[in-house]
Amino acid sequence: MQGLSPSDVIKPEVREQTAYTLKHFKADVKLDQNENPYELPDSLKREVVDRVLARPWGRYPEFVPAATTAALAKFTGWNPEGILVGNGSNELIQAALAVTLGPGRTVVIPQPTFTLYKLMSKTLQARIVEVPLNSRDFTFDVPKLVEAARSADVTVICSPNNPTGTLLEQDALVEVLKNAKGLVLLDEAYHEFSGQSAFPLLATHPNLVVLRTFSKAMSMAGLRFGYMMAHPEIAREVHKAKLPYNVNIFTLAAAELVIERQQVLTAAIQTLIHERDRVMDELRRRPLVTAFNSSANYILIRTAQPARAIFDALYAQGVLVRDVSSYPMLDRALRVTIGRPDENDKFLAALDRSLDQVLETK
Ligand SMILES: Cc1ncc(COP(=O)(O)O)c(C=O)c1O
């Protein structure tokens, strides 16, 4: 850049951050992004294409996608006026933080958690108060969270938390909601695997904002779709920070059809929950591995070896997991997504070989 350096124009809070990136390694067994390994049926995909072919591609989508919002209102039981749709829930995280945070505003973020929250909060120049999870089992430190929420404009909670898989119990969430000064942004990206949702609390707690995604249990990560449920007055304000026409007609059609046919996903979700419990039992039989309780479709593990060495040894055998050892408190930790039973078996066998190899080369 001739004559102009990034430090002249880019905010220092942005320059000091590392971008949210992921190298796309190719692998036979891909267990690194908490996706659903079961694709939607081809017949359903074709129906989406037919619906989209019947619409003009040269015209914008509706300003407010009324049909999708109505379908979501029916699906969730929430007031359509309090529902916003996004190009992935990431976009709604950005919009919700954009209308609440800025210099002089405070956000509470438990750590470790989904990194986008801190990155966005920094970009918006907010004051960040980090509340560490309990180091023994990565459960939420509820008294500290409640205390911090008392003076925060936004309190972020991912439940189940990524990458630890820990759930915030409903009574603890109520405690946070009752004491929070500002909004409580509850990210339920993995709620389908947890058997718990904060949904029943929405009607009685106007400071609760629930974020959900179609990228995980709903098997639509490639199409980018997420939604927010909040008090209509809050939704109206967040709407102002969303880009117009943010969700394209293809994704809207797919989301509507997946909601209509939601039963096509039931068996896959049940299998994944069952597999998570099976893989957890298997891991707990291995003395060299610590596996932490998970209410999501992934498991956080720790071994005595450097995470990178185990990651590389797994990858050499065609199994891709996520090295999360650079997250706060997650030294020597890896996160493994639950795949199909055959994929999980390959992971377990590859893990055993990796542990042997890494021990031998020490
Ligand atoms: C907690 C959490 N929230 C949001 C997202 C992003 O979801 P989306 O694909 O809807 O943007 C993820 C993805 O990994 C996540 O783990």
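Predicted model: local features only at pLDDT ≥ 70, side-chain atom pairs only at ≥ 80, totals over all residues.
**Helix pair**

I looked up α13 (residues 307-316) against α14 (residues 341-360). I read an angle of about 125° between them, with the axes 9 Å apart. Angles of 65 to 115 degrees count as roughly perpendicular and those over 145 as roughly antiparallel, so I logged α13 and α14 as oblique to each other. The crossing of α13 past α14 is right-handed.

Next I listed the contact residues. α13 brings A309, I310, A313 and L314. On the α14 side I found A350, L351, S354, Q357 and V358. I sorted the residues of this contact by class: seven are nonpolar, two are polar and none is charged.

**Sheet**

I then traced an open sheet of four strands. I noted the order as β9-β10-β13-β12, with antiparallel pairing. Which strands stand at the edges? I found β9 (289-291) and β12 (322-323) there. Each has a single partner strand, so one side of each lacks a neighbour in the sheet.

I checked how β12 joins β13 (residues 333-337). Two bridges link these antiparallel strands. R322 stands opposite R335 in β13.

I also looked for a helix over the sheet. α12 (residues 263-284) lies across β9 and β10 (298-303). I read its direction as about 10° to β10.

**Ligand shell**

Last, I looked at the ligand. How many residues surround it? I have 13, and the closest are G88, S89, N90, T213 and S215. By class, the shell holds eight polar residues, four nonpolar and one charged.

Note on methods:
Residues numbered from 1 in each chain as written. Axes fitted to C-alpha atoms, helices over the stretch in contact; angles between N-to-C directions. Parallel < 35°, antiparallel > 145°, perpendicular 65-115°, else oblique. Left-handed = near helix turned anticlockwise from the far one by under 90°. Contact = placed C-beta atoms within 7 Å. Nonpolar A, V, L, I, M, F, W, Y, C, P; charged D, E, K, R; others polar. Near = placed C-beta within 6 Å. Pairing = 2+ DSSP bridges.
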